[in-house]
Amino acid sequence: MPSEAELWGVQRATVEAALDFTIAFLGCRMGPKNDKLLDAAARGRLLDICRAVSIVESRHGTIGPSQPKRDPLQCGNPADSWWRELTGQAGQGSRFICGPGHDNYWADEIADAASTASGFNPAASLALLADIKKGHGNSAFAPTHSYVWGILYLIHRINTAVSGGRSFACGDVGRERLIIGAVSYNAGGVPDYEDRLRAALREFGGLVTFDGGEVDIDNDVREGDDPPPPPEQPADPEPSGGISRGVALVAILAGIIAVPLIGWHIYGAIDYADDFTTVADAFTSIADTLGGVSLEPGQVPDPETLNALTELSTELSSGEFATASANISTFFAGGCQ
């Protein structure tokens, strides 16, 4: 029987390519404000959690009753919610909030958007499947399909499970954050999924450490020990500086708008929910771009922030945001009827 390392060696290049595509497509960021590009250690930790999930799901495509060879990450099960969302069988599906300068998507828009994005592997195209509703039941379904679409959803689940719905926000890329998110990828189908993940991480040595010397303490846990509880999430730092305070006010405004929107929707008024969601996503992009920026005298945003602001300005002056804004103006002008 080949070792785990040997089995991983067969799939590793496919997994790494799929992870790099996901990081770029979602515009992933890390840090307390989720404003920093992922460094090598953060990428390594994401790769390690992908490896652990691949072990648990099918031992890298070698074990399991449901097409493990074709679908090592088991994302193509035609009955699973993610495959149904991805292929447009479940309405719009989950909302993917991407990083500064990137569009946001509903799950049923992801396949078309990803397939035309830079770096997409055409071998993962859903167009290659004779009947997408059959998922990995198609003979053309391959590990590239599994890892590309599975990792995209896995990173989304890891980040939305902790960061309030932002698919791109990797935060501290901490152990418990990764594990909690990976458990949510399974959606509760396997009761001891967390235990299996921790065992998988121990099998190949665990998550890589940061340069600061983070201790990977779970490597010392033995079978039968209680897993450590998830850490409390620290509160966001107090906003400071003119723009930061403005960002906080924008967030409050979005919340104020959302409350009556729920009522209008429930009582059957004209449904402008998608328009408000579009505007809220724009507020999120502005907040993420300007987070931590101060315009105190003598301080100027760095070139990367200025470029992001330019891109945002172009996006917000046209396209779906402009349409949504016009629709909302009509809504209020008509007395919210």
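Analyst: Start with His60, which counts as buried at 2% relative accessibility. This is a predicted model, where local features need pLDDT of at least 70, side-chain atom pairs count only at pLDDT 80 or more, and totals for chains, interfaces and linings use all residues. Residues are numbered from 1 along each chain as its sequence is written, and side-chain values use heavy atoms, without hydrogens and water.

User: Why is His60 called buried?

Analyst: Buried means under 20% relative accessible area (exposed is over 50%, partly exposed in between; 1.4 Å probe, protein chains only). His60 has 2%, so the buried label applies. His60 sits in the loop between H2 and helix H3 (81-86). Its phi is positive, about 60°, although His60 is not a glycine.

User: How do you know whether Gln74 is buried or exposed?

Analyst: The relative accessible area of Gln74 is 14%. That is under 20%, so Gln74 is buried. Gln74 also lies in the loop between H2 and H3. Phi of Gln74 is positive too, near 55°, and the residue is other than glycine.

User: Why is H2 called roughly perpendicular to H5?

Analyst: H2 and H5 (residues 143-160) pack at about 115°, with axes 11 Å apart. Roughly perpendicular covers 65 to 115 degrees (under 35 is roughly parallel, over 145 roughly antiparallel, the rest oblique). The angle therefore falls in the roughly perpendicular class.

User: Which residues of H2 and H5 meet?

Analyst: Contact means heavy atoms within 4.5 Å. Leu46, Ile49, Cys50, Val53 and Ser54 of H2 meet Tyr147, Ile151, Leu154, Ile155 and Ile158 of H5. The contact residues comprise 9 nonpolar, 1 polar and no charged.

User: Why is the pair of Phe25 and Tyr105 called stacked?

Analyst: Rings of Phe, Tyr and Trp (its six-membered ring) pair if their centres lie within 6.5 Å; planes under 30 degrees apart are stacked, over 60 edge-to-face, the rest tilted. Phe25 and Tyr105 are 5.5 Å centre to centre, with 10° between the planes. Phe25 is in helix H1 (residues 4-26) and Tyr105 in strand E4 (residues 105-106), 80 residues apart.

User: Are Phe25 and Tyr105 buried or exposed?

Analyst: Phe25 has 7% relative accessible area, so it is buried. Tyr105, at 15%, counts as buried.

Conventions: Axes fitted to C-alpha atoms, helices over the stretch in contact; angles between N-to-C directions. Helix = DSSP H or I, 4+ residues; strand = E, 2+ residues; numbered from the N terminus. Nonpolar A, V, L, I, M, F, W, Y, C, P; charged D, E, K, R; others polar.
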